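This briefing is meant for a reader who is meeting the structure for the first time. Please keep the sequence and the model in view while going through the points below.

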Amino acid sequence: MELTAWRTFVTVCRLGSLSAAAAELGYTQSAVSRQIAGLERQFGVPLVRRHARGVRPTPAGEVFRHHALVVLNEAERALRAVREVRDGALGRPLAVGATPSLAAGVVPAAIGRLLDRAAPLRWSLLPGLSGQLHDRVTAGALDVAVVTDAPPGLPDDPRVERRFLGMDEMVVVLPAGHPRAGRGPVHIRELADQTWVEDNDGSAALLHQHAARAGVTVRIDLTAADLPGKTALVATGHAVALTPKVLTCALRTDVTAVALVDPPTRGIYTITPRRDPHPSAGLLFDQLATAFGPPPSRPRRAPAD
């Protein structure tokens, strides 16, 4: 099956622009338009709709995009497998995903221990939020993802195997010169009047839930695109933030992590596809488990990235 037009369509959807897709793929814009038009003739339905800022998929296009990603990912895996056999490299690469806080330290360290103990292995690491990583595992783009049960939680999906790794507490990150910096556990009530910054809906939901349990409210006045942006706003004195304890080893030096009284926690899990699991996925789980120690008897409540 010729998949050139499928790749073009997926690229157009990702970039939201025919001209941007043409530039990335090395085509002319008219060639991209012809490929999209050919798919629409084949399916008998419009796949994209133009708007002021570019294009977006129609409902039919969105359905096709989802399935096209699965097909393209599997086709790429097939090509890599054949090339590896041709070149004498029999082991397939291990594609790992992790939430940003776990990708900052825990997961790379576990991969390092795996490489020290296993045969040579090519690998890649993709950060993302838990929901995004779940979709990539089910689409065949990732062999294993290290995710959390942060709001809105993990789906009960029979296509993946979920294994519990451990619990992680949340801490509050303050500017280095903050009056509470370095003073031990702090109660959320003492920070209720601060300006807070968050980088995703799950983390914001966790913060509001934690404050509500303490009988206070907090203001999330600033929004960051990611964890580095979030900590940058803290470092420059604009806000304070809730972050995972596993991230503290990778925090910049101009912020301070302070423990919370009765901190919220989140469960950490690996998810792997039930079909055709990577032979090194279980070995990576073993190395990840050492970072969390013996699991508790039961998980506590669940926060965010």
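Helices, as the word is used here, are DSSP runs of H or I with at least four residues, numbered from the N terminus. Helix H5, for instance, covers residues 100–103, and alanine 103 lies in it. The model is a predicted one, and the protein chain has an average pLDDT of 89, with 93% of the residues scoring at least 70.

**Confidence**

- Within the protein chain, confidence is highest in strand S5 (residues 144–148), where the mean is 97, and lowest in helix H4 (residues 59–87), where the mean is 82.
- Across residues 296–305 the pLDDT falls below 50, although this stretch has 52 contacts in the model beyond near neighbours in sequence.
- Where pLDDT is low, the predicted coordinates should not be read in detail.

**Overall architecture**

- The secondary structure of the protein chain comprises ten helices and eleven strands, and the C-alpha trace spans about 65 × 50 × 35 Å along its principal axes.
- Of the chain's 305 residues, 45% count as buried, while the accessible surface comes to about 15200 Å², with 54% of that area belonging to carbon and sulfur atoms.
- When contacts between residues at least 6 apart in sequence are considered, 73% of them join residues at least 24 apart.

**A β-α-β unit**

- Strand S7 (residues 195–198) and strand S8 (residues 219–223) run parallel and are joined by four bridges, and threonine 195 has arginine 219 in S8 as its bridge partner.
- Together with helix H8 (residues 201–213), S7 and S8 form a β-α-β unit that is right-handed.

- Threonine 231 is located in helix H9 (residues 227–235), and it counts as buried because its relative accessibility is 9%, which is under the 20% cut-off.
- Apart from neighbours within four places in sequence, threonine 231 is in contact with Leu251, Arg252 and Val255.
- Threonine 270 is located in strand S11 (residues 265–273), and with a relative accessibility of 3% it likewise counts as buried.
- Leaving out residues up to four places away in sequence, threonine 270 touches Val144, Ala145, Val146, Glu161, Arg162, Arg163, Leu165, Phe285 and Leu288.

- Alanine 103 counts as buried, its relative accessibility being 15%, and, with residues up to four places away in sequence set aside, it touches Ala98, Pro108, Leu125 and Pro127.
- Between alanine 103 and proline 127 there are 24 residues of separation in sequence, yet their C-alpha atoms are 6.0 Å apart in space.
- Glutamate 76 belongs to helix H4 and is partly exposed, since its relative accessible area of 31% lies between the 20% and 50% cut-offs.
- The C-alpha atoms of glutamate 76 and alanine 141 are separated by 9.3 Å, although the two residues are 65 residues apart along the chain.

**Cysteines**

- The structure holds zero disulfides.
- Cysteine 13 counts as buried at 15% relative accessibility, whereas cysteine 249 counts as exposed because its relative accessibility, 63%, is over the 50% cut-off.

Definitions and conventions: Residues numbered from 1 in each chain as written. Predicted model: local features only at pLDDT ≥ 70, side-chain atom pairs only at ≥ 80, totals over all residues. Heavy atoms only, no water. pLDDT = per-residue confidence, 0-100. Helix = DSSP H or I, 4+ residues; strand = E, 2+ residues; numbered from the N terminus. Contact = heavy atoms within 4.5 Å. Pairing = 2+ DSSP bridges. Right-handed = clockwise from strand over helix to strand, strands pointing away. Buried < 20%, exposed > 50% of the residue type's maximum accessible area, 1.4 Å probe, protein only. Disulfide = S-S within 2.5 Å. Areas by Shrake-Rupley, 256 points an atom, 1.4 Å probe, with all protein chains shown as cover.
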